[in-house]
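Dear colleague,

Please find below the structure that I am handing over to you. My findings follow it.

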Amino acid sequence: MAAHDIIIKPLLSEKSYAGIKDKKYSFIVAKSANKTQIKLAVEEIFGVKVEKVNTCIVGGKLKRQGRSQGYTPDYKKAMVQLKKDSKSIEFFDSLS
């Protein structure tokens with residue numbers, strides 16, 4: 001799997017904004033990716049040093065529109081902690 005196939009998009013929420021100053025970043029990643037693959041992908045794409053990776057699978061929510069209903073898709077979320085001596089990710093610097 002290529003690095004850009006593993007990291008799908010950054011996850012931007014209030015909780016993820018709070019972690020930017022501590023060099024903690026959140027991403028939506030491929031469901032089949034493991035922690036080692038996520039770590040290598042972030043290091044390759046952004047040129048940083050990753051200390052640890054935490055992952056969880058977020059279940060889809062029930063959505064209704066009129067009489068019909070369905071679920072949004074499940075996705076895998078990765079919280080990445082960078083090392084203290086690592087540079088920050090430039091994309092997130094403009095958000096904090």
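Which residue is the bridge partner of Pro10 in E2? The partner is Phe27. Before the remaining findings, a note on conventions is in order. This is a predicted model, in which local features need pLDDT of at least 70 and side-chain atom pairs count only at pLDDT 80 or more, whereas totals for chains, interfaces and linings use all residues. Residues are numbered from 1 along each chain as its sequence is written, and side-chain values use heavy atoms, with hydrogens and water left out.

Overall architecture

The protein chain has four helices and six strands; helices (H or I, at least four residues) and strands (E, at least two) are DSSP runs, numbered from the N terminus. Along the sequence, they follow the pattern α-β-α-β-α-β-β-β-β-α. Taken along the principal axes, the C-alpha atoms fill a box of roughly 55 × 30 × 20 Å. Of the 96 residues, 30% count as buried, where buried means under 20% relative accessible area, exposed over 50%, and partly exposed in between (1.4 Å probe, protein chains only). Among contacts (heavy atoms within 4.5 Å) between residues at least 6 apart in sequence, 60% join residues at least 24 apart.

The sheet

Four strands form an open sheet in the order E1-E2-E6-E3, with antiparallel pairing; two strands are taken to pair if DSSP finds at least two bridges between them. The edge strands, each pairing on one side only, are strand E1 (7-10) and E3. On average, neighbouring strands of this sheet are turned by 30 degrees against each other, direction ignored. Such angles run from 0 to 180 degrees between N-to-C directions, with axes being lines fitted to C-alpha atoms, for helices over the stretch in contact. H3 packs on the sheet and touches E1, E2, E3 and E6, while its direction makes about 120 degrees with that of E3.

The individual pairings are as follows.

- E1 and E2 run antiparallel and are joined by three bridges.
- E2 and E6 pair in the antiparallel sense over six bridges; Val29 has Lys76 of E6 as its bridge partner, and Phe27 stands opposite Ala78 in E6.
- E3 and E6 pair in the antiparallel sense over eight bridges; in E6, Val80 is the bridge partner of Val53, and Tyr75 that of Val58.

E2 is largely enclosed by the rest of the structure, because five of its six residues are buried. In the loop between H2 and E2 lies Lys23. The phi of Lys23 is near 60 degrees, a positive value in a residue other than glycine. Most residues other than glycine have a negative phi.

The nonpolar core

A nonpolar core is here a set of buried Ala, Val, Leu, Ile, Met, Phe, Trp, Tyr and Cys residues joined through side-chain atoms within 4.5 Å. The largest such core holds 20 residues, of which Ile7, Phe27, Ile38, Val42 and Val80 touch the most other members. Two or more residues each come from helix H1 (3-6), strand E2 (24-29), helix H3 (35-46), strand E3 (50-58) and strand E6 (75-82). Not counting residues up to four places away in sequence, Val42 touches Ile7, Phe27, Gly47, Val48, Val50 and Val80.

The largest pocket

About 280 Å³ of space lies in the largest pocket. On a 1 Å grid over the protein atoms alone, a pocket is an open set of points where a 1.4 Å probe fits, with protein on both sides within 12 Å along at least five of seven lines; lining residues have an atom within 4 Å of a point. The volume is the space filled by probe spheres set on the points, which are joined across faces, edges and corners. Of the 15 lining residues, Lys15, Lys24, Tyr25, Ser26 and Met79 are the closest to the centre of the pocket. Helix H2 (14-19), E2, E3 and E6 each supply at least two residues of the lining.

Met79 is found in strand E6 and counts as partly exposed, at 29% relative accessibility. Leaving aside neighbours within four places in sequence, Met79 is in contact with Tyr25, Ser26, Lys52, Val53, Asn54 and Cys56.

Ser94 is found in the segment after helix H4 (90-93). At 64% relative accessibility, Ser94 counts as exposed. The C-alpha atoms of Ser94 and Asp74, 20 residues apart along the chain, are separated by 29 Å.

Yours sincerely
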